[in-house]
Amino acid sequence: MTDTLPDQQTVGADVFRQALAVHASGVVVITAQSEGIPVGLTATSFSSVSLDPPLVSFYVDQSSTTWPWLRGADHFAVNILASDQAELAARFARKGVDRFAAPTRWRAGPLGAPLLQDVSAHLICLPYETVEVGDHVLVVGLVAEAATHNAGRPLLYHQGRFGRFLPHQENL
């Protein structure tokens, strides 16, 4: 990979955003406790990275006001949202609200990171690596603990909206 842009012109931000909007992605809320304060944000850029060692990743905007708090935490939790948690995802994407106040339901995890209630799964991660990439930071976490709670349908993000997954029905 190169550190510089090619000499050719790149696609504009609006065109790029429109093209990416047709790609559906899963929705997670990343939570941590930093200096005794619970912090969190919604991410739609979550991905598995490696099975051995068990690594996951997400991206966060460098201008995020939550990122400095997450960066300072000694671990974080990935809360994988269920299909009925669109309001929770929207709450953690908003600015200027207490994301952990009611109606958010959560408890402190085994290492202290907030674990949101009624999610499909939790992953407790130790910081593994961060890399500045464009206007975002790639955050890679080493999964120290994982628990599946509800293997139901996931919450998805597509064309700027949250939605639900419907499995394909084969004609029999």
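Buried means under 20% relative accessible area, exposed means over 50%, and partly exposed lies in between (1.4 Å probe, protein chains only). The model is predicted: local features need pLDDT of at least 70, side-chain atom pairs count only at pLDDT 80 or more, and totals for chains, interfaces and linings use all residues. Residues are numbered from 1 along each chain as its sequence is written, and side-chain values use heavy atoms, with hydrogens and water left out.

1. **Ser 64.** At 16% relative accessibility, Ser 64 counts as buried. Ser 64 sits in the loop between strand E5 (55-61) and helix H2 (67-71). Helices (H or I, at least four residues) and strands (E, at least two) are DSSP runs, numbered from the N terminus. The Ser 64 side chain reaches the backbone nitrogen of Trp 67 at 3.2 Å. This falls under the polar contact rule: a pair of N or O atoms within 3.5 Å; within protein, one must be able to donate a hydrogen and the other to accept it, and residues adjacent in sequence count only if both atoms are side-chain atoms.

2. **Arg 107.** Ser 64 and Arg 107 are 43 residues apart in sequence and 24 Å apart in space, C-alpha to C-alpha. Arg 107 is in strand E7. Its relative accessible area is 41%, so Arg 107 is partly exposed. Contact means heavy atoms within 4.5 Å. Neighbours within four places in sequence aside, Arg 107 is in contact with Ala 113, Pro 114, Leu 115 and Gln 117.

3. **Salt bridges.** A salt bridge is a side-chain nitrogen of Lys or Arg within 4 Å of a carboxyl oxygen of Asp or Glu. The count by this rule is two. Asp 14 and Arg 17 form one of them, at 3.3 Å, N to O. These residues are three apart in helix H1 (residues 13-21), so about one helical turn separates them. An α-helix has 3.6 residues a turn, so residues three or four places apart point the same way. Both Asp 14 and Arg 17 are exposed.

4. **The loop-to-loop pair.** Asp 118 and Arg 105 also meet in a salt bridge, at 2.3 Å, N to O. This pair links distant parts of the chain, 13 residues apart. Asp 118 is in the loop between strand E8 (114-116) and strand E9 (121-133), and Arg 105 is in the loop between helix H3 (86-93) and strand E7 (106-108). Arg 105 is partly exposed, with a relative accessible area of 48%.

5. **Helix H3.** Which residues of H3 are buried? They are Leu 88, Ala 89, Arg 91 and Phe 92. Seen down the H3 axis, the buried residues fall within an arc of 160 degrees, so they line one face of the helix. The arc is that of the directions from the helix axis to the C-beta atoms. On the other side of H3, Glu 87 and Ala 93 are exposed. Cover for the buried residues includes strand E2 (28-34), strand E3 (37-43), E8, E11 and strand E12 (161-164).

6. **Val 27.** Is Val 27 buried or exposed? At 2% relative accessibility, Val 27 counts as buried. Val 27 lies in the loop between strand E1 (25-26) and E2. Beyond residues up to four places away in sequence, Val 27 touches residues including Thr 42, Asn 79, Ala 89 and Phe 162. Leu 155 is another residue that Val 27 touches. Val 27 and Leu 155 are 128 residues apart in sequence, yet 5.8 Å apart in space, C-alpha to C-alpha.

7. **Ser 83.** Ser 83 is in the loop between strand E6 (76-80) and H3. Ser 83 is buried, with a relative accessible area of 14%. Not counting residues up to four places away in sequence, Ser 83 touches Arg 153, Pro 154, Leu 155 and Arg 164.

8. **His 149.** His 149 lies in the loop between strand E10 (136-148) and strand E11 (155-158). His 149 is partly exposed, with a relative accessible area of 44%. Leaving aside neighbours within four places in sequence, His 149 is in contact with Val 119, Ser 120, Ala 121 and His 122. The side chains of His 149 and His 122 make a polar contact at 2.6 Å.
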